[in-house]
Amino acid sequence: MEIKFALEVMETAPLEIKTHLGRHYSSVLKTKGEKYGRQRWDEILKSSSLTFYKVTAKGVAAGWVIVNTKNSTLVEFFVDEKFRYKGLELRILDKIIETHKLISAELPKKDTEKYELLKEYGFRPTRKFTFYDTPMITMDLSIAVYLEKLKRMPGVSDQKRHVVAIEKVAGTQTEGDVKNGIENLLKKLGGIGTFVQRGQTVVLKPNMVSDHGLRDGVATGGVVTDIKVLKAMVEILHPLAKKIIIADGSSINRSATMMMFRHYGIDKLKDLYPEQVSLVDLNTDDLVEKTVPDGRRLETRSIPRTLVDADVIINLPVLKLHFAAGVSLSIKNFQGAIPPLEKYKSHFYGLWQCLINTYKIIMPQLIIIDGLVGQEDFGPVSGSPKKMDLLIGGTNPVAVDTVASKIMGLNVEQAPHVHMAYHEGLGPIEDDLIEIKGPAIDEVRSTFKQPIHNLQNGKCFKIHNGRACIGCAGYLHFVLNKLRKSDPAHENHLLIDRSLEKNINVFIGPQTEDFINPDETNIFMGSCQQHHANGLGSNIPGCPPHTEEIISTIFSFYQDVAKPKYADETEETKLRELLNSVLNSQTNEERNSI
Ligand code: SF4
């Protein structure tokens with residue numbers, strides 16, 4: 001029978017915690033324990049961002065929990081020995097995670113009992129630091145585990161109601177049709193004057209991800225924001241705005257945003273009003289360090305000055321699927337708003353959470369999704385165009401992305417970052433909290449073909465999938481496709497079916513049911529598998545790991561085969577070095593407070 005427990009918030013930390021810290025850490029850290037306990041207590045008293053819970057079970061005091069609400073981190077967790085059976089401890093963690101959307105924990109490296117408990121729940125060791133002289137570890141909750149928990153969590157209360165406008169555009173999609181469509185959409189949202197005042201600086205943030213959107217000089221649609229949408233926005237803003245800046249930071253061909261602007265003819269928009277319109281490469285812009293409100297995992301982000309200084313930001317994503325993120329809509333479009341190192345860091349600290357963190361800082365005033373032509377299957381760049389003749393607009397990213405996902409035939413749970421953003425209170429997903437202006441979703445819905453991830457084994461190449469989320473599954477599929485090519489050493493075989501001296505095993509996802517054979521080659525993918533790497537094989541860090549990291553690790557076992565080119569390798573190497581210096585700079589001083 002399950003024991004009932006209750007959590008009660010305490011105004012201040014009771015003195016018994018001090019006594020306990022001394023006792024507990026003396027047993028964990030031996031001679032250094034008492035001093036550590038005192039330092040911890042001093043820090044607890046100094047911090048203004050902690051919430052203290054008293055745990056009662058069977059009507060008596062059974063322990064307590066301390067949570068840092070600023071960064072959603074579990075600071076201390078204690079359950080009295082009499083009640084220390086896993087069921088109860090895991091249920092207490094469930095409740096804390098539900099209340100705070102908590103996704104990290106920190107503890108001394110030597111606190112093995114707590115480590116094992118958190119590991120069983122789904123936390124994984126990801127970073128090291130020292131608290132005064134004590135080696136500590138940060139454990140991050142596997143987002144795959146968290147996403148499963150979110151499906152069962154109650155909805156978010158106190159969400160505001162938001163309007164999302166839908167506009168059908170004439171199928172001819174001429175410049176006039178598109179401008180007319182945007183004007184109608186804006187009317188449904190109160191008109192452009194609701195968002196832009198005379199004399200303001202307005203940034204238009206399109207999606208210019210890569211050069212895949214032109215084939216033989218003809219726009220395929222669905223990859224980058226249609227130039228007709230940008231042109232219409234420039235013309236609509238011309239009588240109002242002082243400056244109109246078209247700004248983006250391309251993804252795959254790093255630092256080549258200006259090339260993308262020329263590639264798609266966006267640079268010509270400057271000629272419409274040369275004094276007013278300019279282009280900015282956000283990959284090379286000056287940066288401003290900003291604190292993320294309630295930031296999880298990464299508490300600060302470097303944001304391009306152009307976005308910080310803008311009076312109004314208008315987000316112009318494309319209606320498309322993403323093979324590893326579910327959808328690429330308004331929230332995902334802001335991965336292109338940050339510079340390369342920040343993009344790279346996002347993968348290491350957890351992409352879904354970092355997307356939300358970025359959005360919390362930048363928060364555009366208006367979103368217009370270009371759904372003239374969407375992209376199904378393996379979006380964001382390698383899928384197929386799907387003509388939709390639609391524009392979708394609003395101000396709230398969660399509400400707009402929810403409506404756009406439904407139009408593509410997805411539910412929000414299939415888009416991890418949108419679902420997480422909802423649970424962080426960024427906006428509603430409920431039908432009764434989203435007022436649709438324009439045709440009903442059912443009238444314009446056309447189900448997009450979903451990408452199917454092929455994680456089939458090769459002859460000596462085995463994939464052990466322990467409930468990985470779409471992130472690792474998607475990126476691994478992408479890289480495996482490069483192994484499903486003819487083997488230059490044996491032309492009748494695929495590279496993935498090459499005979500090897502030792503099997504290669506790739507473990508993904510938070511669960512590991514298969515035996516890990518230390519005599520074979522083991523690759524542990526992502527933060528979900530990071531804990532196995534010690535002595536058993538190598539880890540590809542990240543959540544999900546960056547494609548370049550997966551390619552480099554897997555192709556290091558095929559030395560005679562040219563490594564597939566993903567991005568500019570010199571840039572990637574520079575970024576990796578920069579990132580390593582960032583990760584290693586978590587000094588004592590920075591982490592000497594909680
Ligand atoms: S490490 Fe991979 S499987 Fe685990 S949560 Fe991250 S993306 Fe998903």
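**Strand β9 and its partners**

Mentor: Strand β9 (residues 201-206) and strand β12 (residues 243-248) pair in the parallel sense over four bridges. Strands here are DSSP runs (E, at least two residues), numbered from the N terminus. Two strands pair if DSSP finds at least two bridges between them. In β12, K243 stands opposite T201.

This is a predicted model, where local features need pLDDT of at least 70, side-chain atom pairs count only at pLDDT 80 or more, and totals for chains, interfaces and linings use all residues. Residues are numbered from 1 along each chain as its sequence is written, and side-chain values use heavy atoms, with hydrogens and water left out.

β9 has another partner, strand β16 (residues 312-316). These two run parallel, joined by five bridges.

Now the burial. β9 is mostly covered, with six of its six residues buried. Buried means under 20% relative accessible area, with a 1.4 Å probe and protein chains only. T201, V203 and K205 point one way from the strand. V202, L204 and P206 point the other way. Both sets are buried.

One more residue belongs in this look: S328, which lies in strand β18 (residues 326-328). S328 is buried, at a relative accessible area of 3%. Its contacts include N207, leaving aside neighbours within four places in sequence. Contact means heavy atoms within 4.5 Å. S328 is also in contact with V318, K320, L321 and H322.

Terms used. Buried means under 20% relative accessible area, exposed over 50%, partly exposed in between (1.4 Å probe, protein chains only).
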